[in-house]
Amino acid sequence: MDGNRRYAKENSISIAAGYLAGAKTLMKILDLCFDCGINAISLYAFSLENFHRPKEQIDILMKLLDGTLGEIGENDPLVKKHGIKIRVLGRLELLEESALRAIAKAMDATKNNQGKVLNICVAYTGRDEIASAIRESVSEFDFPDKITVKSLTENMFVDFPPLDILILPPRY
């Protein structure tokens, strides 16, 4: 999810309106992807790097996250249509209490769904996940040779379906 601020500027609307337009477009894209047979989607909603943005932008993104996740439940049309199980992954301990409540509500409301999987990456980067998985794996074992693909997989944020490919954004 990128380009919402650019979209807002190009269309002379507020940044908040740009983010909201991006969220609405995202829902349409998710529906299309799930209709096409994609069973699991992981999306970056808020990168660790986003914490370096101005506080006003962070607050807007957090309110959008709170509002969007706070409204999702078993009666949400998209969730209902695809039986979506929502999982929120990342360094959630860095988030404010209101965001954590919205996340818990959405995950709890969809925890028994057996259809598609939507991983929402918040306070997340792929590099941080890899480093975290390695730290967790090393802490469990006395010898580095016991660090295996299986042990790393068991310590990744994304545990189901197993992570086959991790595409990291280019460095600027």
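Select Ser132: with a relative accessible area of 14%, Ser132 is buried (under 20% is buried, over 50% exposed, in between partly exposed; 1.4 Å probe, protein chains only). Ser132 sits in helix α6, residues 126-140. Helices here are DSSP runs of H or I with at least four residues, strands are runs of E with at least two, and both are numbered from the N terminus.

This is a predicted model, in which local features need pLDDT of at least 70 and side-chain atom pairs count only at pLDDT 80 or more, while totals for chains, interfaces and linings use all residues. Residues are numbered from 1 along each chain as its sequence is written, and side-chain values use heavy atoms, leaving out hydrogens and water.

**Stop 1**

Now pick Leu48, in the loop between β1 and α3. Leu48 counts as buried because its relative accessibility is 17%. Leaving aside neighbours within four places in sequence, Leu48 is in contact with Arg91, Leu94, Ala123, Tyr124, Thr125 and Asp128. Contact means heavy atoms within 4.5 Å. Draw a C-alpha to C-alpha line from Leu48 to Thr125: it spans 6.2 Å, across 77 residues of sequence.

**Stop 1: two positive phi values**

Most residues other than glycine have a negative phi. Select Ala123, whose phi is near 50 degrees, a positive value. Ala123 is in strand β3. Ala123 counts as buried because its relative accessibility is 0%.

Next, Ser12. Its phi is also positive, near 55 degrees. Ser12 lies in the loop between α1 and α2. Is Ser12 buried or exposed? Ser12 counts as exposed, because its relative accessibility is 71%.

**Stop 2: α2 against α3**

Show helix α2 (residues 15-35) and helix α3 (residues 55-71). They pack at an angle of about 35 degrees, with axes 10 Å apart. Axes are lines fitted to C-alpha atoms, for helices over the stretch in contact, and angles run from 0 to 180 degrees between N-to-C directions.

Which residues of α2 and α3 meet? From α2 come Ile15, Ala16, Tyr19, Leu20, Ala23 and Met27. From α3 come Gln57, Ile60, Leu61, Leu64 and Thr68. By class, this contact has nine nonpolar, two polar and no charged residues. Ala, Val, Leu, Ile, Met, Phe, Trp, Tyr, Cys and Pro count as nonpolar; Asp, Glu, Lys and Arg are charged; the others, Gly among them, are polar.

**Stop 4**

Colour the buried residues of α3: Gln57, Ile58, Ile60, Leu61, Met62, Leu65, Asp66, Leu69 and Gly70. What covers them includes α1 (4-10), α2, β1 (40-47), β2 (85-89), α5 (97-110) and β3 (117-124).

**Stop 3: the core**

Finish with the largest nonpolar core, which has 30 residues. Such a core is a set of buried Ala, Val, Leu, Ile, Met, Phe, Trp, Tyr and Cys residues joined through side-chain atoms within 4.5 Å. Those with the most contacts inside this core are Leu30, Leu69, Val88, Leu95, Ile120 and Val122. The elements giving two or more residues are α2, β1, α3, α4 (77-82), β2, α5 and β3. α3 gives the most, with six.

Centre on Val122. Not counting residues up to four places away in sequence, Val122 touches Ala45, Phe46, Leu65, Val88, Leu89, Gly90, Arg91, Leu92 and Leu95.
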